[in-house]
Amino acid sequence: MKIEPFLLERFFARHEFSVRHLLCASDCETISLGELLALEPGAAEAFSALRLGYTETAGDPALRREIAALYKGISADDILVFAGAEEGIFLFMNAVLSSGDHLIVHSPCYQSLAAVAGAAGCHVARWEARVEDDWAPASEQLPQMITKATRALVVNFPHNPSGYLPAAPLLTEIVAVARRNGLLLFSDEVYRFLEYDAADRLPAACELYENAISLGVMSKAFGLAGLRLGWVACRNPEVRRAMVELKDYTTICTAAPSEFLARLALRQRSGILARNLEIIRGNLECLDEFFSRHEDLFSWQRPRAGPVAFPAVRFAVASDDFCAALLRACGVLLAPGGLFGAAAPHFRIGFGRRDFKAGMEKLSRYVEQAPWG
Ligand SMILES: Cc1ncc(COP(=O)(O)O)c(C=O)c1O
């Protein structure tokens, strides 16, 4: 398989572990293994007694029950566990789609949502979200994009990189379009549970539509990216069968320690999510203050969910150059919009981490001294 380089991941490979202030991460603050095990009496002893053999290809049944409890009307049999959301994307695109299929992908997007299908020979059409519409994709365009060869529609709410979250009627409309046209709906929901107002949380697509595939992960809202544990929830047995059969050729099964720890974290999710939302809310206040102070330099669309936003520079310098100059001057890393296939002025800022404010102070000082105006 020939596939284009994953721009964002190559960018992180170069900078993530050496930069002083990582201000574009998309995950929430993590915790140590010890802190996680301390959340439940007896967990440390049980973890130490864990046998390290192969696990079930679909995922540990007890973990699948815990994941199913995140959804309405979904059972453990509807869940498949993977090595991160990334493996779920890879397996869906390769196992369920075929060369020549047409795919509509909500964009800008996390690159693999479009690139894996492209490399598998699918024709990818971009359903663009536009900053003028506060990053809403234009619903009236969607039906016109469907061709005879369209097989699937890919959406990502809450959205990376903009933090856009639609109101429920848009999701209902998307499901209706998918159902009317016999499409699979691949719904990347990895930022679910990070709605700033819980009342805004959308139903999962798999709850609304029997041919939807809801993608979830421990990395983002739960802050446990190092577990490399993701899943899909899907009521269509053919889709699940195809994905699990291809998993035999990728990872066979998920790491037993990760399955144990993910189950523990999901049992303790209310505390973990409340902590992460508190960090996000505090950091958002700091962002609101910064962008209102610098309205002349940046445009700011406040997100409604998640730990990322996609502001833009207003001055006549592409965000690549601004981000590169900022990194050189004070070791602050922002992710230029080009990494998401988006227009030059935008950049992604990530605010799910505790050390965010230290990076923001550097950014503020830099912006106040540099000749950007
Ligand atoms: C929208 C989206 N989907 C999937 C992924 C992949 O998640 P993971 O790294 O946990 O596999 C990411 C990671 O940034 C993402 O932003």
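Let's start with a charged pair. R304 and D200 make a salt bridge, with their closest N and O atoms 3.2 Å apart. Where do R304 and D200 lie? R304 is in the loop between β10 (298–299) and β11 (308–309), and D200 is in the loop between β7 (184–188) and α9 (205–208), so the pair ties together parts that are 104 residues apart in sequence. Look at accessibility next. R304 has a relative accessible area of 32%, so R304 is partly exposed. D200 comes out at 25%, and D200 also counts as partly exposed. One caution before I go on: this is a predicted model.

How many salt bridges are there in the whole structure? The search finds 16. I'll show two others.

Take E245 and R241. Their side chains meet in a salt bridge at 3.0 Å, N to O. Both residues sit in helix α10 (residues 237–247). They are four residues apart, about one turn of the helix.

Next, D133 and R130. The closest N and O atoms of this salt bridge are 3.2 Å apart. D133 has 32% relative accessibility, so it counts as partly exposed. R130 has 38%, and R130 falls in the partly exposed class as well. A network of salt bridges links R130, E132 and D133.

Now the aromatics. A pair of rings is described by two numbers: the distance of the centres and the angle of the planes. The structure holds 19 aromatic pairs. One of them is F157 with Y164. Their centres are 6.1 Å apart, the angle between the planes is 70°, and the pair is edge-to-face.

F290 and F298 are another case. Here the centres are 5.6 Å apart and the planes are at 40°, so the pair is tilted. Why tilted? The edge-to-face class needs planes over 60 degrees apart, and stacked needs under 30. At 40°, F290 and F298 are therefore left in the remaining class, tilted. F290 is buried, and F298 is buried.

Which residues do ring pairs link into a cluster? F290, F291, F298, W300, F315, F322, F347 and Y366. Keep F322 and Y366 in mind, because both come back in the helix contact.

Last item: helix packing. Two packed helices are described by the angle between their axes and the distance between the axes. The helices here are α13 (residues 319–330) and α14 (residues 356–369). Their axes come within 11 Å and cross at roughly 110°. That makes α13 roughly perpendicular to α14. Who touches whom? From α13 we have F322, A325, L326, A329 and C330. From α14 we have K362, L363, Y366 and V367. By type, the contact residues are eight nonpolar, no polar and one charged.

To recap. R304 and D200 tie together two loops. R130, E132 and D133 form a salt-bridge network. Ring pairs build a cluster that includes F322 and Y366, and those two residues also take part in the contact of α13 with α14. That's it from me.

Key. Residues are numbered from 1 along each chain as its sequence is written. This is a predicted model: local features need pLDDT of at least 70, side-chain atom pairs count only at pLDDT 80 or more; totals for chains, interfaces and linings use all residues. Side-chain values use heavy atoms; hydrogens and water are left out. Axes are lines fitted to C-alpha atoms, for helices over the stretch in contact, and angles run from 0 to 180 degrees between N-to-C directions. Angles under 35 degrees count as roughly parallel, over 145 as roughly antiparallel, 65 to 115 as roughly perpendicular and the rest as oblique. Contact means heavy atoms within 4.5 Å. Ala, Val, Leu, Ile, Met, Phe, Trp, Tyr, Cys and Pro count as nonpolar, Asp, Glu, Lys and Arg as charged, and the others, Gly among them, as polar. A salt bridge is a side-chain nitrogen of Lys or Arg within 4 Å of a carboxyl oxygen of Asp or Glu. Buried means under 20% relative accessible area, exposed over 50%, partly exposed in between (1.4 Å probe, protein chains only). Rings of Phe, Tyr and Trp (its six-membered ring) pair if their centres lie within 6.5 Å; planes under 30 degrees apart count as stacked, over 60 as edge-to-face and the rest as tilted.
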